[in-house]
Amino acid sequence: MACPEAAAAEVEEARAFLGSLLRDFPKALGPDEALPWSPPGRGASPSPDEAPAEMADLARTFLGSRNAPPLLAASLIHAAVSDLLQTDLSDFQKQNVEEEEAGHHGTSPLLDGGPLQRCFFNKLWEVCCKWQKQPPTLKPLDRYLQVSIHATRNTRRKMEDRHVCLPEFNQLFGMTDNVDRAYFAVFDGHGGIDAANYAATHLHVNVAHHKEILRNPVEALREAFEKTDEMFLLKARREKLRSGSTGVSALIVGNKLHIAWLGDSQVMLVQRGKAVTLMEPHKPERQDERQRIEALGGCVTYTDCWRVNGTLAVSRAIGDLLQKPYISGCADSASFELTGAEDYVLLACDGFFDAIQPFEVVDHVLEHLMQNKGDGLKTAESLVSAAKESGSTDNITVLVVFLREPKEIMADCLREPKGCPEDDSAAKSLFNIFSSKTNN
């Protein structure tokens, strides 16, 4: 529980932010006034099912650009989206829907994004006015979490990775049952950025709205991938999109870690200085994946690597309309008990894991913590640099979620080097070097 002084400081921080925003936007937007976010084309023509997530994503970007306190931003978005859904969204229905492909299973009419976004911003503005007088109570996580994120285009022409970090998952979806929840995801797009953008916008919303989110979170996480894939395929048919995206997500609920994944983006756990394998990535050369693809009439061939039908080097992904059903949208999932002995969770795309093995992650993180006196904030940046030095030319995204204080992790390894992998001479060497420095 936060102490009274900290709670009072949070209230003042919230009031200061709301005051700043309302000074810049002293009144609601008129029908012809410019929208406050850029580019205005994002969420231009969503379906009614897509609208809440698209509006929430616009607001997250907008509030984040103004350095809104994360808990406050998430709570504002939840309130504004809830208010928006009280309106009749059919009022925003586009009159001209020639973009719809009439032959494709009765897709919903599209909404006119301009008026919809303006209405949503005004809902957000109204909540800010109300809360400036009396900000709500904002409850942070009881669990310790520190997040380090770094992403780079590397030598590729375009950046097609996306990531999502939501320690404020409960606030974003109005969940008040006093159970800690935090969501993290990495998406690695191919053939364009549309699928990765879509997954980063919609997957966590589909998780939160799944009927089993409270009783069976891992089922909600797994099935949200399939739901997101289905939604994106409708958009892909409508807009003639051909991109796809692998993805990996982690949902911490109380003392459980739930994961789900499609393709070769991966998540790993480090526990007491040892790498713990949580999953097996979906690659065409896996025997079960090859059998599934061939049973559907597809093939797996080798050119520079194993590929499905001679094209994609992954066997499961969101999107890839032209390669369905060989490229499956059905995710795998797993759950793990968190005992308190866990150091951190790491999510990353194949641009990282193709260059750095899981056991090497432990060495790199420990070395970084030792060199930075236990400061873990730039751990992900250090890992990305290591992947580049090891030859990765792909986009790289690394997301590290520390479950214990990085200084404690480092101190435990120094006190008991046996806690580091026993067959890892590099970790022992680091221990010896650091020990000699502290003794001199």
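Start with helices α10 and α11 of this predicted model: select residues 358–371 for α10 and residues 379–389 for α11. The two pack at an angle of about 125°, and their axes are 10 Å apart.

From α10, select Val 361, His 364, Val 365, His 368 and Leu 369; from α11, select Thr 379, Ser 382, Leu 383 and Ala 386. Coloured by type, the residues of this contact between α10 and α11 comprise five nonpolar and four polar, with no charged ones.

Next, move along to helix α12, residues 406–415. Select Pro 406, Ile 409, Met 410 and Cys 413, the buried residues of this helix. Turn the view to look down the axis of α12: the buried residues fall within an arc of 95°, so they line one face of the helix.

Go to the loop between β10 (318–319) and β11 (332–337), where Pro 325 is found. Select Lys 324 together with Pro 325 and look at the backbone between them: the peptide bond from Lys 324 to Pro 325 is cis, with omega near 5°.

Two asparagines come next. Select Asn 309, in the loop between β9 (306–308) and β10. Asn 309 is not a glycine, yet its phi is positive, at about 55°. Is Asn 309 buried or partly exposed? Its relative accessibility is 25%, and Asn 309 therefore counts as partly exposed.

Then select Asn 67, in the loop that runs between α2 (51–65) and α3 (70–84). Asn 67 also has a positive phi without being a glycine, here of about 60°. With a relative accessibility of 67%, Asn 67 counts as exposed; the cut-off for that class is over 50%.

Finally, clear the selections and display the whole chain. How many helices and strands does the chain have? There are 13 helices and 13 strands. Colour the chain by relative accessibility: 52% of its 440 residues count as buried. Taking contacts between residues at least 6 apart in sequence, 72% join residues at least 24 apart.

Terms used: Residues are numbered from 1 along each chain as its sequence is written. This is a predicted model: local features need pLDDT of at least 70, side-chain atom pairs count only at pLDDT 80 or more; totals for chains, interfaces and linings use all residues. Side-chain values use heavy atoms; hydrogens and water are left out. Buried means under 20% relative accessible area, exposed over 50%, partly exposed in between (1.4 Å probe, protein chains only). Helices (H or I, at least four residues) and strands (E, at least two) are DSSP runs, numbered from the N terminus. The arc is that of the directions from the helix axis to the C-beta atoms. Axes are lines fitted to C-alpha atoms, for helices over the stretch in contact, and angles run from 0 to 180 degrees between N-to-C directions. Contact means heavy atoms within 4.5 Å. Ala, Val, Leu, Ile, Met, Phe, Trp, Tyr, Cys and Pro count as nonpolar, Asp, Glu, Lys and Arg as charged, and the others, Gly among them, as polar.
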